[in-house]
Amino acid sequence: MKVAPYERPALSKGYLLPEAPARLPSFHTCVGANDERLTPKWYKEHGIELVLGTRVKSADVRRKTLITATGETISYEILIIATGARALKLEEFGVRGSDAENVCYLRNLADANRLVAVMQTCTGGNAVVIGGGYIGMECAAALATNRIKVTMIFPEAHCMARLFTPKIAEFYENYYKSKGVKFIKGNVLTSFENDSDGKVKAVVLKDGTRLLADMVVVGIGIRPNTGLFEGQLHLEKGGIKVNGRMQTSNTSVYAVGDVAAFPVRLFGNEIRRLEHVDSARKTARHAVAAIMAPKTTGDLDYLPFFYSRVFTLSWQFYGDNVGSVIHFGDFNSGRFGAYWTNKGVIVGAFLEGGSREDYEAIAKAVRFKAAVKDTHELESAGLEFALRASQQAAPDGGLLVERLSYTRYATAGVAVALSIAAFAYWYGRRRRVW
C-alpha cells in the first residue's frame with residue numbers, strides 16, 4: 001500500500017458517485033480521537049513510523065521476526081495482525097479471463113480507481129454484476145447512478161441471502177428494478193466472450209444465457225489473509241483464532257478485523273469471524289487496550305453490526321439472524337424492519353429508514369436480549385417495541401450501546417493496528433537488515 005491507511009466502506013459508495021465523488025485524503029482516511037485525520041503528517045507528529053509500499057513475505061512468530069520483500073528483518077515484542085482479506089477471484093471457481101481490462105473487482109483503492117475509469121467509458125452501456133452480496137448490491141447501485149444498464153447474476157434465490165429474508169430481499173430487488181437493474185437469480189457465470197482486443201464483450205451463464213457486457217464487476221466474497229501464519233497460529237472459521245482480548249495462540253501476537261475469529265459473548269462465546277468495518281475498528285481498539293492496559297482490560301463484549309447505503313436507502317442490522325423472524329412496518333413506504341427471536345428473546349434486529357434514535361433502540365433490544373412474550377404483539381408493536389425496551393434498560397447495567405459515530409473509534413494505537421494492512425503495529429521493536 002502506497003498511501004496512508006484508509007477505511008474501505010466508501011470505496012463501494014461515495015467513491016463511485018458521478019458527481020462530487022469522495023477522494024483521499026479528505027473522505028476516508030482513518031479517523032482518530034478528536035476527529036483527527038490520520039494523514040502521513042499525523043503519524044510523523046505522533047512518533048509513529050509509517051512504512052508504505054512494503055510487503056512482508058514471511059513471519060516467524062517463535063523468533064518474533066518479519067521479513068520484507070526487500071530482505072529487511074523486523075524484530076518485534078508485540079505484533080498485531082491486521083492483514084484483512086482478499087477478494088475471491090473467478091479463477092478459483094474454474095472461470096478464466098478475469099484479467100481482462102474491463103473486468104473489475106473491488107477491494108482496495110487501486111481497484112476503485114480502475115472501476116471508476118472503466119465506468120467512465122461505459123455510460124449508456126451494459127454492465128454485468130456477478131454476486132448478490134454487499135459488493136454486488138452497492139456496485140450495482142453505483143453503476144445505475146452512473147447511467148449504466150445493470151444486470152445482476154447470483155446463484156441464490158434472492159439478494160443478500162446471508163442476511164435478508166425473502167420478504168426483505170423482495171423490497172430491495174423491486175427498488176433496484178425501479179432504477180433499471182435486472183436480476184438473474186439461481187444462475188452462475190461459466191465463461192467470457194472476448195473481442196479482438198481481449199476485452200470482454202459478453203458473458204455466458206450456466207443455462208446457456210448470453211449477455212452483452214461492456215464491463216463486468218465481480219463480488220463473490222473474500223478470503224482472510226492468513227497465509228503467513230498458517231502452521232504457526234491456531235486457525236478457526238477461516239481466520240486466526242483469538243481470545244476475548246484478541247490474543248492468538250502465541251501470547252505476543254494479536255489479530256484484529258476480518259482476519260480474526262473471536263468469541264462473541266452475546267452468542268455464548270461462539271467463535272465468529274465478522275467481515276465488517278465496525279468489527280475491525282472495535283477489535284483493533286480492544287487489542288490495543290489489552291496490550292497497553294492488560295490489568296484493566298477484560299474480554300471484548302461486541303454487538304455484531306452491519307449496515308449499507310444504496311440510492312436513497314439506508315439500513316442497519318444488529319445481532320444474529322437465527323431463530324424465528326417477525327417483520328414489521330410499512331414495506332410500501334420503505335420504513336420497515338424485522339426481529340429475530342430465539343428462546344423467547346430478541347437476538348437480531350434489522351431496520352430500514354430509521355433515525356439514529358431508532359437504530360440505537362433496536363441495538364439495545366438486541367444487546368439486552370429483550371424478552372418476547374407474544375410474537376403477534378411484537379409484530380403489531382414493531383419499532384415501538386424496541387423503543388420501549390431501550391427506555392426500560394437500566395442505564396448502569398454495564399452494557400454499553402455505542403453510538404454510530406464513524407469518526408471516534410480509533411486512538412493512536414488503534415489507528416496503527418488498522419493501518420498497516422501490510423502488517424503490524426509493534427512497540428519495543430528493533431530493526432536490522434541482514
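Y339 is buried in this predicted model, at a relative accessible area of 0%, where buried means under 20%, exposed over 50% and partly exposed in between (1.4 Å probe, protein chains only). F385 is buried too, with 12%. The rings of these two residues have their centres 5.7 Å apart and their planes at 70 degrees, so Y339 and F385 make an edge-to-face pair. For pairing, the rings of Phe, Tyr and Trp (its six-membered ring) need centres within 6.5 Å; planes under 30 degrees apart are stacked, over 60 edge-to-face, and the rest tilted. Helices (H or I, at least four residues) and strands (E, at least two) are DSSP runs, numbered from the N terminus.

Across the whole structure, the search turns up 23 aromatic pairs. One of them is F164 with W315, edge-to-face at 5.6 Å centre to centre and 70 degrees between the planes. F164 sits in the loop between β8 (149-154) and α4 (166-178) and W315 in strand β21 (residues 313-319), so this pair ties together parts 151 residues apart in sequence. Both F164 and W315 are buried.

Then there are charges over rings, counted when NZ of Lys or CZ of Arg is within 6 Å of the ring centre and within 35 degrees of the ring normal. The charged end of R23 sits over the Y15 ring, 3.7 Å from its centre. For K179 over the ring of F311, the distance to the centre is 5.7 Å.

Residues are numbered from 1 along each chain as its sequence is written, and side-chain values use heavy atoms, leaving out hydrogens and water. As the model is predicted, local features need pLDDT of at least 70 and side-chain atom pairs count only at pLDDT 80 or more, while totals for chains, interfaces and linings use all residues.
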